Amino acid sequence: MTVLSTQSLKADDGKRRCQWLTNYKVWDDMTAYHDNEWGRPSHNDRYLFELLCLETYQAGLSWEIVLKKRAAFQRAFFNFDIQKVAELTSIDSLMADSGLIRNRLKLQATINNARAVLNTQKQYGSFDNYLWHFTDGQIIDHHITDPVQIPAQNDLSQLVAKQMKKDAFNFTGPVTIYSYLQGAGVINDHEAVCAFNPNRQLD
């Protein structure tokens with residue numbers, strides 16, 4: 001018999017949430033990200049590009065830091081307009097922006113990855129088609145009952161990372177890509193008891 005975890009975060013609204021939220025201080029933006037974005041299947045190219053960029057910024061840092069700087073990144077990168085970002089030729093002004101994570105390689109990767117996204121759009125019709133073709137458009141639901149079941153990477157993220165490297169993406173290793181696939185809803189790692197698990201909300 002599968003035993004559901006009873007330790008999921010239960011907020012003031014009485015709704016259970018995934019335990020990973022307990023790794024962070026109580027913060028409305030983090031809770032809102034979990035409730036409204038994380039694990040919800042997305043098919044919007046602009047949003048998928050933004051999420052990919054945010055995941056690359058997280059490398060070596062915490063998701064909390066990235067979310068706190070999200071608005072600054074949105075301003076700096078034209079709300080992650082793929083074409084406009086791809087046309088940038090210098091990151092000097094970005095390196096001078098104290099609101100950003102001023103890592104030269106990561107900032108340059110944002111521009112490079114925008115160009116890679118444009119290439120996938122030409123080849124697949126959309127970045128959405130490119131991302132979801134790895135699972136034939138299907139959501140991989142891991143039916144999580146305990147957060148220890150969630151890996152740092154898996155065969156799928158390794159496959160996607162390998163292909164993205166071939167397709168000239170940067171900062172897209174298998175651990176980063178696993179987290180990205182979770183966020184984009186390709187992989188559903190919401191705990192079964194979480195009130196915001198897309199499966200529960202479809203019941």
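What covers the buried residues of α10? I started there. The cover includes α1, α2, α8 (127–132), α9 (155–166) and β4 (187–188).

Ground rules before going on. I am working from a predicted model, in which local features need pLDDT of at least 70 and side-chain atom pairs count only at pLDDT 80 or more, while totals for chains, interfaces and linings use all residues. Residues are numbered from 1 along each chain as its sequence is written, and side-chain values use heavy atoms, with hydrogens and water left out.

**Entry: α10 and what follows**

I counted burial in α10 (174–184). I call a residue buried under 20% relative accessible area, exposed over 50%, and partly exposed in between (1.4 Å probe, protein chains only). My helices (H or I, at least four residues) and strands (E, at least two) are DSSP runs, numbered from the N terminus. On that basis 8 of the 11 residues of α10 are buried, and I noted the helix as mostly covered. The buried ones are T176, I177, Y178, Y180, L181, Q182, G183 and A184. After α10 comes G185, with a positive phi near 85 degrees.

Next I moved to I187, which sits in strand β4. Its relative accessibility is 0%, so I put it down as buried. For contacts I take heavy atoms within 4.5 Å. Leaving aside neighbours within four places in sequence, I187 is in contact with I140, H142, N154, L156, Y178, L181 and Q182. I also checked I187 against G39: they are 148 residues apart along the chain, yet their C-alpha atoms are separated by 6.9 Å.

**Entry: α1**

Which residues of helix α1 are buried? I found M30, Y33, H34 and D35 in this helix, which spans residues 28–36. These buried residues pack against β2 (16–17), α2, α3 (63–68), α4 (70–76) and α10.

**Entry: α2 against α7**

Two packed helices are described by the angle between their axes and the distance between the axes. I take axes as lines fitted to C-alpha atoms, for helices over the stretch in contact, with angles from 0 to 180 degrees between N-to-C directions. For α2 (residues 45–58) and α7 (residues 104–124) I have an angle of about 150 degrees, with the axes 10 Å apart. From α2 the contact uses D45, F49, C53, T56, Y57 and Q58, and from α7 it uses K106, T110, N113, A114, V117 and Q121. I sorted these contact residues into 5 nonpolar, 5 polar and 2 charged. My classes: Ala, Val, Leu, Ile, Met, Phe, Trp, Tyr, Cys and Pro are nonpolar, Asp, Glu, Lys and Arg are charged, and the others, Gly among them, are polar. C53 of this contact has 1% relative accessibility, which puts it in the buried class.

I also looked at T120, another residue of α7. T120 is buried at a relative accessible area of 3%. A polar atom of its side chain lies 2.6 Å from the backbone oxygen of V117. Not counting residues up to four places away in sequence, T120 touches G125, S126, F127, Y130 and F169.

**Entry: cysteines**

How many disulfides are there? With a disulfide taken as a pair of cysteine sulfur atoms within 2.5 Å, the count comes to 0. I checked C18 and found it in no disulfide, since the nearest cysteine sulfur, that of C194, is 3.8 Å away. C18 is buried, with a relative accessible area of 0%.

**Entry: loops**

F80 has a phi of about 60 degrees and lies in the loop between α4 and α5 (82–86). H143 has a phi near 50 degrees and is found in the loop between β3 (140–141) and α9.

Is F80 buried or exposed? F80 is buried, with a relative accessible area of 0%. H143, by contrast, counts as exposed at 54% relative accessibility.

Last, G99, in the loop between α6 (92–95) and α7. I have it as partly exposed, with a relative accessible area of 24%. Leaving aside neighbours within four places in sequence, G99 is in contact with K69 and A72. I noted L51 as well: its C-alpha atom and that of G99 are separated by 18 Å, with the two residues 48 apart along the chain.

Definitions and conventions
Polar contact = N/O pair within 3.5 Å; in protein donor to acceptor, adjacent residues only side chain to side chain.
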